[in-house]
Amino acid sequence: MTAPQLPLILALAFFLNSSSPGFAFQPSYLTRSARPSSALSSTAAATTAVDAATSSSGFWEWRGHDIFTEVRKQQNDYDSNEESSSDNICNVRPAVILLHGFGASTVYWRETMSVLHSEGYDVHALDLLGQGRSSKPFSAQAYPSSDLTDVEGVNGDSNAQRMEMGKNTNTIVEYSINLWANLVDDYARSHQLERVVLMGNSLGSLVALSAATGDFTYSETTYLSGENVDKSRVKGLCLFNCGVGLNSRNINKNPDFNSVQRVLINWLFDVFNALIFDNEFLLRYALNNIVTKEVLGDALKSLYVVSPERVDSDLVDSFYYPAKMGGNGAIEAIRQIYCNDAGLTPMEYHGKYPELLDTLPVHLIWGLQDVVTPIEGDVGTFYCDRVANNRGGKGMTTIDCVRSGHIPFDDNPVESHELMMKWMAKRIAK
């Protein structure tokens, strides 16, 4: 597979965010409305007896949709349903919420969850709406044709039968970074998480920035965000290979482009989207006839440049079955994520919320061999400059680079997690 073919194969096969080479893109805990999943992930199943006693997975209901979650809690956690004093809250380490990249799921956080839990943190990994095992809503009026639940290679597949998916509702949803940030905010409120560290990969990094700043709403009723770090429930952000937006259209915000170039770029995106990502028939054909486990495995190995052997059946299945079993909802998710407004860039978040983001601990961990969000791209360059020249004035933004591709925490977990925990010990667990 050549480099130019990779973004298209990734997009059609399992929704992974792409970019041009020169621009960086990109149970106890369950509420009463949640229902336990029929099968734990392979990661949870492989944990120790202690982990198993404090680990759970299932569906949390949000606005009528099923959101798949995996949670690992400390055994000595106080009961969140009991009245707890501020002293108790302050003595507990912040909970960590993990936010995956485009098309991924809780599965690739397998090592990260184990490391954080072993270091005394409660960990919450979410499958964002429209991705992973969470619901993939669609409008029955927009998709009158039959759903994609009967596709070759899935019916009769015992693995598919064991992998429970959230129900796809007949709902009109507009996917955006802010929609997912709202989901994260509601999740933290529902689970009474008083102090939180948000960790995101690629697109998930933008969700973390939106949730931390409260940019997702014009209301003042956000749960997590505050005007400064003292008033915010978010105590830190850890961003792995931060993306630039919901999709590649944010390339048009590059300040080096003039007005003519911007018009031309917008036109090219419109044509490209009309031919491919806004084409239901092409996307349906791809899901039925192009997406195979072998194609997905090869594509993932191009992202796991240090440890391609970590692209195992569990990881491949976590991309394959949501795409195959997602039906019309999977098509709608691909279409919207590639065609909708890309939202704010990281640079715009920092420009819009300097009082918060200049004082909040923000740590970047960047895989140097990443071809999707290269360190030399606009986002990587922005953060390297911000750290080197202390642009925030308080030295609260830091960056570490590791030997890795786009997913450093699973491609090079030892080095990535050593740096992550070093930052946590210095900035968070104090």
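Arg-335 has a relative accessible area of 23%, so this residue counts as partly exposed (buried means under 20% relative accessible area, exposed over 50%, partly exposed in between, with a 1.4 Å probe and protein chains only). The model is predicted: local features need pLDDT of at least 70, side-chain atom pairs count only at pLDDT 80 or more, and totals for chains, interfaces and linings use all residues. Residues are numbered from 1 along each chain as its sequence is written, and side-chain values use heavy atoms, leaving out hydrogens and water.

**Overall make-up**

- The protein has 18 helices and nine strands (DSSP runs numbered from the N terminus: helices are H or I with at least four residues, strands are E with at least two).
- Of its 430 residues, 58% are buried.

**Salt bridges**

- The count is 17 salt bridges (a side-chain nitrogen of Lys or Arg within 4 Å of a carboxyl oxygen of Asp or Glu).
- Arg-335 pairs with Asp-278 at 3.2 Å, N to O. Arg-335 sits in helix H13 (residues 327-339), and Asp-278 lies in the loop between H9 and helix H10 (280-290), 57 residues apart. Asp-278 is partly exposed, at 42% relative accessible area.
- Lys-352 bridges to Asp-215, with the closest N and O atoms 2.7 Å apart. This pair links helix H14 (residues 346-352) to the loop between helix H8 (203-213) and strand E7 (234-240), across 137 residues. Asp-215 counts as buried because its relative accessibility is 12%.
- Glu-111 bridges to Arg-310, with the closest N and O atoms 3.7 Å apart. Glu-111 is in helix H5, while Arg-310 is in the loop between helix H11 (293-301) and helix H12 (313-325), 199 residues apart. Glu-111 is partly exposed at 31%, but Arg-310 is buried at 18%.
- A network of salt bridges links Arg-110, Glu-111, Arg-310, Asp-312 and Asp-410.

**Helix H5**

- Arg-110, Thr-112, Met-113, Leu-116 and His-117 are the buried residues of H5 (residues 110-118). They fall within an arc of 165° seen down the helix axis, so they line one face (the arc is that of the directions from the helix axis to the C-beta atoms).

**Nonpolar core**

- The largest nonpolar core holds 104 residues (buried Ala, Val, Leu, Ile, Met, Phe, Trp, Tyr and Cys joined through side-chain atoms within 4.5 Å). Residues with the most contacts inside it include Leu-116 and Trp-180.
- Helix H7 (residues 177-190) gives the largest share of this core, eight residues.
- Beyond four places in sequence, Trp-180 touches residues including Leu-128, Tyr-175 and Ile-337 (contact means heavy atoms within 4.5 Å).

- Trp-366 belongs to strand E8 (residues 362-367). Trp-366 is buried, at 0% relative accessibility.
- Trp-366 and Ser-416 are 50 residues apart in sequence, yet 8.8 Å apart in space, C-alpha to C-alpha.
- Ser-139 lies in the loop between strand E5 (123-126) and helix H6 (158-162). Ser-139 is buried at 16%.

**Surface patch**

- Leu-264, Trp-267, Leu-268, Val-271 and Leu-275 make a nonpolar surface patch of about 500 Å² (patch residues have over 30% relative accessible area and no salt bridge; like charges are joined within 9 Å, nonpolar side chains, meaning Val, Leu, Ile, Met, Phe, Trp and Tyr, within 5 Å).
- Leu-268 is in helix H9 (residues 259-277). Leu-268 is partly exposed, at 45%.

Methods. Accessible areas come from the Shrake-Rupley method with a 1.4 Å probe; for residues, only the protein chains shown count as cover.
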